[in-house]
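Here are my notes on the model, for a colleague who has it open. Please read them alongside the coordinates.

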Amino acid sequence: MGAIITLSLLAILVLYLGLFKAKNTLLPVSLAGLLGSAVLLLLDWNKAAEPLYSGMILFDRFALVFSVVCILITVLILLLSKDYFDRISGNVAEYFALIIFSLTGAVLVTSFHNMAMLFIGIEIMSVALYILAGIRKKDFGSNEAALKYFLMGAFSTGFLLFGITLLYGASGSFDLAEIRQYVIDNPTGISVMFYVGILLMIVGLAFKVGAAPFHFWTPDVYDGAPILITIFMSTVVKAAAFAGFLRLFSYCFEPLQDFWVPVMLVITIITLFVGNITALVQHSFKRMLAYSSISHAGYMLFGIVAIGASSSGAILLYATAYSLATVIAFGSLILVKRTSGSDDYESFNGLAKRNPRLALTITISMLSLAGIPLTAGFVGKFILFAGVLADYHVLLVVLAVINAAMAIYYYFRVIVAMYFRPAEREVVAYPVNYQVVFVLAAVLILLIGVYPGLITSLI
Amino acid sequence: MDNLLILLLFPLVGALVLAFVKQSAPAKRLALLFSVLALGLTIPFWCQFNPAAGMQFEQQFAWIPALGIDFHIGIDGISLPLVLLTNLLVPLIVLSSFSATHRGSFYALVLGMQTGLLLVFTALDAFTFYVGWEVALIPIYFICALWGGEDRIRVNIKFFIYTFFGSLLMLIAIIYLHVQTPSGDFALTSFYNLNLDNATQRWIFWAFFIAFAIKMPLFPFHTWQPDTYTTAPTAGTMLLAGIMLKMGIYGLIRWLIPVVPEGFAAYGWLAALLGIIGVVYASLIAFKQKDFKRLIAYSSIAHVGLIGAAVFVWNVQSLQGAMIQMINHGISVIGLFMLVDVISRRLDTRDMSQMGGIAKVAPAMAIYFLIIVMGAVGLPVTNGFVGEFLMLIGIYQYSIWYAAFGGLTIILGAVYLLRAYQQIMHGPLNDRTSSFAPLQWHETVVLVVVSGLIIIIGVYPQPLLNISEGAVTELVQQIGSLAR
């Protein structure tokens with residue numbers, strides 16, 4: 001609980017630091033605050049979790065792990081921000097404050113124990129993001145991204161609220177424990193309202209995680225927003241949204257699997273194919289990553305389709321693996337774009353000759369995204385596939401495998417560009433903070449890939 | 001010195017060291033040193049190996065306990081020949097690349113691949129096996145795509161996606177089998193003890209079969225092979241043809257047929273037939289080739305087709321033949337691709353119609369060439385004869401027609417390989433060939449070792465046959481041959 005208060009106060013503090021033009025203190029203060037809140041969370045590690053504030057939030061192991069992962073990935077992202085925000089805006093403090101606000105929302109989404117908190121968490125997380133997406137006021141793409149994101153986000157929140165209302169109507173409570181009790185107590189006589197509520201929740205949450213057919217905002221928003229914000233959206237926000245999704249469905253709706261799993265199956269399959277096929281034809285590396293993030297959402301949905309004891313570990317591992325690799329992928333684009341000025345694959349041509357170490361970390365990230373063994377991405381896929389096959393959805397896995405093979409093509413295009421395409425190019429500047437973050441992320445990817453127990457044993 | 005884990009990790013250590021060597025000359029020497037030491041480390045295993053004792057030198061550690069995954073390796077009569085082959089060929093492959101100036105990273109990839117290959121050949125846990133399977137693929141992709149010839153990018157991405165898709169099918173099968181095991185693990189023995197119903201066995205058969213057939217490659221999954229072999233650098237082609245395709249055959253023997261015996265009983269005839277079709281088909285195409293390297297690539301499909309058919313017939317003779325022929329094919333094909341490299345490097349072409357008369361200027365090479373061709377063709381007193389003879393006896397027991405068409409490899413192979421020999425080595429000299437430079441020391445070493453092994457194994461194959469006999473007999477008793 002201390003973590004949520006710390007984060008909220010930290011964001012306000014950062015705003016004041018901006019007001020008093022203390023630019024150089026922004027980053028150290030933010031990092032210290034984030035690490036502090038992570039420590040506060042870890043202090044609760046061995047405590048027996050109890051719902052706080054009349055059952056509003058519950059910091060169980062699940063919430064703690066996901067929150068800490070979200071905070072640590074935010075730390076990585078902020079480390080990359082040195083020199084980044086200054087280049088695009090004068091009011092740097094806004095960025096830090098908004099990111100931290102959004103993170104506060106993310107922590108609430110992982111730890112909610114009441115439907116009202118789910119709604120509030122998602123709103124805190126999203127409203128900050130609407131502003132962040134449009135923060136380059138004079139950039140057309142950024143404005144488009146913000147408007148699209150806001151409209152779509154408002155819609156999906158509407159669905160979510162409808163869903164919550166109907167669930168309340170049927171069960172008479174916002175509290176997760178009571179909704180769960182309602183489902184268990186009425187094995188046969190659950191009202192139609194409740195079922196419709198579940199469907200609307202699926203729609204609302206599918207919007208938030210960027211699953212097809214509710215994914216239309218993702219590519220444009222990811223493309224239009226500043227890259228660092230895109231990283232934040234596609235890692236922290238997505239991980240938190242999945243945590244919330246999983247928390248709700250595994251805790252409350254698990255007994256009703258026969259009803260909603262077929263719906264999720266359809267969503268999963270569409271998500272996989274839409275993401276992959278569109279990613280295949282992109283010329284821009286950034287758009288490719290945006291579409292591939294849709295397909296990764298599809299893989300993570302496996303954890304919800306095959307809901308069970310191992311789901312949370314599997315989604316945690318996949319989300320961590322995906323986030324680490326994405327930080328490297330988008331982060332390297334920031335560097336490469338500074339010299340080439342474009343988002344295309346061609347910007348990477350010949351990078352291995354000039355920046356062999358940078359090229360190696362990008363390769364590790366691509367291999368992880370593609371799911372090659374000994375990387376975290378492979379273990380993530382492996383565990384998710386195992387979960388789904390245990391429920392005998394063989395066809396789903398076969399379709400997923402076709403997608404994984406397709407994905408090789410576009411992830412390897414980057415590797416091909418870096419290593420095999422000759423190009424006259426300058427050395428890309430590789431600042432120390434990027435080196436630290438990239439090497440750390442790459443080492444973690446390999447470490448988790450070789451010894452996944454590091455992550456799965458946490459939950 | 002019989003710690004299997006050390007044997008596996010040794011090349012990886014070499015790879016890590018070599019990754020930091022920038023100059024070519026020390027990189028070559030270091031790579032050779034590491035690969036020869038790895039070969040030396042293999043010898044104690046051979047000496048202490050007891051063919052009657054089943055699985056030996058086993059090592060097992062918990063890897064991902066939550067999923068029942070162990071790191072589990074060991075050696076038996078099926079693994080040992082392939083471990084020997086891998087560690088024997090890698091020094092030769094390193095030597096073969098001495099004409100080029102490669103940085104340490106090239107050799108790092110070769111040695112890294114060696115670890116992956118050894119892991120495949122010794123894994124007793126399906127997860128371990130799959131990891132080795134993919135770990136071997138990444139280095140070879142980079143070797144082929146970084147140092148390959150024309151059109152290497154397109155060819156190699158095709159190769160990668162093709163094999164990766166096959167691997168993923170296998171991954172589904174592995175996870176599915178894992179879910180079925182009562183103990184919830186990935187151990188080979190648990191897979192062997194499964195009692196799956198017939199329908200399940202049938203689809204699992206295809207999931208594994210396609211993965212292995214792409215790797216070998218068997219007809220009709222071979223379309224990536226000629227382009228990849230032709231564009232790859234010599235060392236890459238040698239790794240692909242000499243060792244990597246044996247991963248597929250090994251997989252058939254270790255992971256496919258004993259795991260799904262009923263699937264094998266249902267479709268074994270078809271798989272064997274695909275092998276035989278591949279023999280005839282690839283031989284006919286090899287006839288038409290003008291490019292020497294492409295000709296060898298197709299001849300490799302033909303030879304592998306026969307080995308595949310022999311495995312699927314599944315009797316003691318055919319399997320023993322397949323085991324020894326895997327070694328023989330590895331040795332011969334290294335020799336042949338070495339010759340391609342020697343000749344095309346000097347003449348700056350691989351087109352056989354522009355060659356001729358080289359025997360006059362390089363008589364020593366003519367002798368090695370002839371021995372290697374004899375071995376590849378399978379003439380008596382060479383290694384190829386022993387293997388092909390055993391395989392054909394085995395196949396004959398199943399079907400005389402399969403044996404007859406399979407026997408075409410020997411005849412057709414003799415025709416196109418000897419014709420190539422004639423075209424390249426005999427006839428009049430021309431402008432290109434008259435200034436043929438003499439062999440360099442490293443080329444001579446490779447060719448002498450290969451020719452020597454061809455004759456030694458041809459005359460006295462018994463030690464190699466002894467290694468695998470116990471394991472093969474037990475496997476055949478366990479599953480039973482393909483019913484007619």
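The points below run from confidence and overall form to single residues.

1. Basis. This is a predicted model: local features need pLDDT of at least 70, side-chain atom pairs count only at pLDDT 80 or more, and totals for chains, interfaces and linings use all residues. Residues are numbered from 1 along each chain as its sequence is written, while chains are lettered from A and ligands numbered from 1 in the order in which they are written.

2. Confidence. The model has ipTM 0.89 and pTM 0.92. Where pLDDT is low, predicted coordinates should not be read in detail.

3. Overall form of chain A. Chain A has 20 helices and zero strands. Both are DSSP runs, numbered from the N terminus: helices are H or I with at least four residues, strands are E with at least two. The radius of gyration of chain A, taken over C-alpha atoms, is 21 Å.

4. Of the 459 residues in chain A, 59% are buried. Buried means 20 or more other C-beta atoms within 10 Å of the residue's own; exposed means 12 or fewer; partly exposed lies in between; C-beta atoms are placed from the backbone. Two residues are in contact if their C-beta atoms, placed from the backbone, lie within 7 Å. Take the contacts in chain A between residues at least 6 apart in sequence: 80% join residues at least 24 apart.

5. Cis peptides. In chain A, the bond joining A:Ala212 and A:Pro213 is cis, with omega about 0°. A:Pro213 sits in the loop between α9 (192-209) and α10 (217-224) of chain A. In chain B, the bond from B:Phe219 to B:Pro220 is cis, with omega near 0°. B:Pro220 is in the loop between α9 (198-215) and α10 (225-231) of chain B.

6. Positive phi outside glycine. A:Ser54 has phi near 50° and lies in the loop between α2 (23-43) and α3 (61-80) of chain A. A:Ser54 is exposed, because it has 8 C-beta neighbours inside 10 Å. B:Trp314 has phi of about 60° and lies in the loop between α13 (292-313) and α14 (316-347) of chain B. B:Trp314 is buried, with 27 other C-beta atoms within 10 Å.

7. Strands β1 (residues 56-64) and β2 (residues 69-75) of chain B pair in the antiparallel sense over six bridges. Pairing requires at least two DSSP bridges between the strands. B:Ile64 has B:Ile69 of β2(B) as its bridge partner. Four residues lie between the strands, and B:Gly68 has a positive phi near 70°.

8. Helix α16 of chain B. This helix covers residues 363-377. Its expected span (1.5 Å times one less than its number of residues) is 21 Å, and its end C-alpha atoms are 21 Å apart, which agrees. Its buried residues include B:Met365, B:Tyr368, B:Phe369 and B:Val377. Their cover includes α13, α14, α17 (383-398), α18 (400-425) and α20 (441-459) of chain B. Just after α16(B), B:Gly378 has a positive phi of about 90°.

Note on methods. The radius of gyration is taken over C-alpha atoms; the globule rule is 2.2 Å times the number of residues to the power 0.38.
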